[in-house]
Amino acid sequence: MKLQVAMDLLTVEDALELAGKVAEYVDIIELGTPLIKAAGLPAVTAVKEAHPDKIVFADMKTMDAGELEAEIAFKAGADLVSVLGSADDSTIAGAVKAAQAHNKGIVVDLIGVADKVSRAKEARALGAKFVEFHAGLDEQAQPGYDLNGLLSAGEEARVPFSVAGGVNAATIEAVQRAGADVAVAGSAIYSAADPALAAKQLKAAII
């Protein structure tokens, strides 16, 4: 299982600083949607240039113009680009077309999708490299939120998948047991007093 850090920061400088601290321990460096909206795609270019050996994920959360938006992100240096699972099939297919042209990958994010299992299978059939079972920050803040719902859906879907939404030192073993290909840790790393140590501990927990 790979470890992905989601950098929900707002400046290129902060992103480069965090990436520099944790790159040794992570496989995928994700530029979160707030970072891309605040700093633009030059942030993707800067992180890829600083860490050419890492997989760089542009969390675009594309909902329309799939091929065009994916093309822009790939040209900026992204290796993976996200498209929302609630988007039209043609949007996902268009993004996949751009990915194939660049030998890159599309990740379909199931945030907000009610029937995650069915949509995961459809997204994989459309050419997604993997599917992200994702609960956003707002959903995680709701009373009674439980990561196990995502893990159960991932197990049932039987497609390559990642999990994002409460992955930390206490839950990462369960994520791996569920069969996830990628564990996505955000605040567990970037909000830690020592992000490098937090990333190192999460990586060490992966068998």
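This is a predicted model: local features need pLDDT of at least 70, side-chain atom pairs count only at pLDDT 80 or more; totals for chains, interfaces and linings use all residues.
Residues are numbered from 1 along each chain as its sequence is written, and side-chain values use heavy atoms, with hydrogens and water left out.

## Barrel

In this model 8 strands close into a barrel in the order β1-β2-β3-β4-β5-β6-β7-β8, with parallel pairing, and the twist averages 25 degrees from one strand to the next. Helices (H or I, at least four residues) and strands (E, at least two) are DSSP runs numbered from the N terminus, and two strands pair if DSSP finds at least two bridges between them. Strands of a sheet pair through backbone hydrogen bonds, either parallel or antiparallel.

Strand β1 (residues 2–7) pairs in the parallel sense with strand β8 (residues 182–185) over 4 bridges, and in this pairing V5 stands opposite A185 of β8. The pairing of β1 with β2 is also in the parallel sense and runs over 4 bridges, where A6 has E30 of β2 as its bridge partner.

In a regular strand the side chains alternate between the two faces of the sheet. Strand β2 (residues 28–31) is covered on both faces, since I28 and E30 on one side and I29 and L31 on the other are all buried, where buried means under 20% relative accessible area, exposed over 50% and partly exposed in between (1.4 Å probe, protein chains only).

Contact means heavy atoms within 4.5 Å; axes are lines fitted to C-alpha atoms, for helices over the stretch in contact, and angles run from 0 to 180 degrees between N-to-C directions. Helix α4 (residues 66–76) packs on the sheet and touches β3 (55–62), β4 (80–84) and β5 (105–109), its direction making about 150 degrees with that of β3. Helix α6 lies across β5 and β6 (130–134) and runs at about 160 degrees to β6.

| Helix pair | Angle | Axes apart |
|---|---|---|
| α6 (residues 116–125) and α8 (residues 148–157) | about 45 degrees | 9 Å |
| α1 (residues 12–22) and α11 (residues 195–205) | about 45 degrees | 8 Å |

Angles under 35 degrees count as roughly parallel, over 145 as roughly antiparallel, 65 to 115 as roughly perpendicular and the rest as oblique; α6 and α8 are therefore oblique to each other. Helix α6 passes α8 in a right-handed crossing, a crossing being right-handed if the near helix is turned clockwise from the far one by less than a right angle, and left-handed if anticlockwise. K116, V117, A120 and K121 of α6 make the contact with L150, A153, E156 and A157 of α8.

Helix α1 passes α11 in a right-handed crossing as well, with L18, K21 and V22 of α1 meeting P195, A196 and A199 of α11.

## Two loop residues

A65, in the loop between β3 and α4, has a positive phi of about 50 degrees although it is not a glycine, and A65 is partly exposed, with a relative accessible area of 35%. R158, in the loop between α8 and β7 (161–164), has a positive phi of about 55 degrees, although R158 is not a glycine either, and R158 is exposed, with a relative accessible area of 75%.
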